Amino acid sequence: MDSKWREQMGVSLLGFGTMRLPQTDSEDPAAIDYPKAQEMIDYAMAHGVNYFDTAYTYHKGQSERFIGQALKKYPRESYFLATKMPTWLLKSKDDLKRIFEHQLEKCQVEYFDFYLVHDINVDDYDNFIQYQMYDFLAQKKAEGKIRHLGFSFHDTPELLQQVASSYDWDFAQIQLNYIDWELQNAKRQYEILEELGLPVIVMEPVRGGALATLNPEAVSILQSCQPDASPASWALRYAASLPAVLTILSGMSTLAQVEDNTRTLKDAKPLTSSERQVLEQAYTAYRSSLAVPCTNCRYCMDCPAGVDIPKNFTAYNQYAVTKNKIGFLISYRL
């Protein structure tokens, strides 16, 4: 699965997303379990992963601080670090400089290899324009503080076309997996970026972990084809089969996930036509039981009514797949 982009940039096919790190307190995203998370980073580095993705808001602002500490013991040129500017938090142009300098301090670096405008969408696009975010970040790139400038995106193909073609970007990051290929029109988004010659960074390839579990019917279909392959490995190979993909981000929470994902993409082969048919059958079986297509990205939070929206969706979806009423009631009450 060679890509001209990876060959040019030297980026690993698997990227380590730091939005779902292990926690010492499951109710407090800021409570990152440093020893467990460090073990995961070390394993990833030892097995060829060199792209690490964070953001200003992940784990209530502590993800950048963790990854800065975790990567400090490695030579700076041995890894690629990516973070993001939160469009929705800006109240003035001064915030750009303040946040950017804070990120450098938290990550303990002098530059970012990849830097993104975080989550461009129709609601926050006015901030992007009003505060001249692109001009500020392009200047940082000219100063050597940013090596590659891009954006992450959660909106319509029409807005993506506008944003991607209006500025001189180096790459773009979109949500892409075998469910969202049609469900959220990731297919057209991918095609737009490919047509513009932009490398694609894939986020949510396993759809927030949903495609790592599936339901019994879907798992059985996949195992009948490849008994030793995890459901997650199918999702990763699906994304990796696309030629414009630079790297595939996986928000890993356990060492076992790191082990499985690195094993999957170390010598991954594109899906064959027969494997695609099997995956389509599994997708159909899974879709029949799926209640709410939520990835637990938490961009809907905080809810003004105090509702933990993703947590409720997760409890409901688990019931839709397992039909475990007691488990649903326990999850709902917690």
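The following conversation walks through a predicted model of one protein chain.

Trainee: Before we start, what should I know about the numbering and about the pLDDT limits for this predicted model?

Mentor: Residues are numbered from 1 along each chain as its sequence is written, and side-chain values use heavy atoms, with hydrogens and water left out. Because this is a predicted model, local features need pLDDT of at least 70, totals for chains, interfaces and linings use all residues, and side-chain atom pairs count only at pLDDT 80 or more.

Trainee: Thanks! How many helices and strands does the protein chain have?

Mentor: Helices (H or I, at least four residues) and strands (E, at least two) are DSSP runs, numbered from the N terminus. Counted that way, the secondary structure of the protein chain comes to 16 helices and eight strands.

Trainee: And what is the radius of gyration of the protein chain, next to the globule rule?

Mentor: The radius is taken over C-alpha atoms, and the globule rule is 2.2 Å times the number of residues to the power 0.38. For 334 residues the rule gives 20 Å, and the chain comes close to that, so it is as compact as a globular protein of that length. The C-alpha atoms fill a box of roughly 55 × 45 × 40 Å along the principal axes. The radius of gyration itself is 19 Å.

Trainee: What percentage of the residues in the protein chain is buried?

Mentor: Buried means under 20% relative accessible area, exposed over 50%, and partly exposed in between (1.4 Å probe, protein chains only). Of the 334 residues in the chain, the buried share is 53%.

Trainee: Which helix has 10 of its 10 residues buried?

Mentor: Look at residues 231–240, a helix that is mostly covered. Its buried residues include Trp-234, Leu-236, Arg-237 and Tyr-238. The helix is α12.

Trainee: What share of the contacts between residues at least 6 apart joins residues at least 24 apart in sequence?

Mentor: Contact means heavy atoms within 4.5 Å. Taking the contacts in the protein chain between residues at least 6 apart, the share that joins residues at least 24 apart is 75%.

Trainee: How many salt bridges are there in the whole structure?

Mentor: A salt bridge is a side-chain nitrogen of Lys or Arg within 4 Å of a carboxyl oxygen of Asp or Glu. A search of the whole structure with that rule finds 15.

Trainee: Which residues does Gln-184 contact, leaving aside its neighbours within four places in sequence?

Mentor: Gln-184 is found in the loop between α8 and α9 (186–195). With a relative accessible area of 40%, Gln-184 is partly exposed. Its contacts are Gln-175, Gln-189 and Arg-207.

Trainee: Which residues does Gln-38 touch, not counting residues up to four places away in sequence?

Mentor: Gln-38 lies in helix α2 and counts as buried at 19% relative accessibility. The residues that Gln-38 touches are Phe-66, Gln-69, Ala-70 and Lys-73.

Trainee: One last thing: how many Å apart in space are Gly-209 and Gly-251?

Mentor: Gly-209 is found in the loop between β7 and α10, where it is partly exposed, with a relative accessible area of 32%. Gly-209 and Gly-251 are 42 residues apart in sequence, and their C-alpha to C-alpha distance is 8.4 Å.
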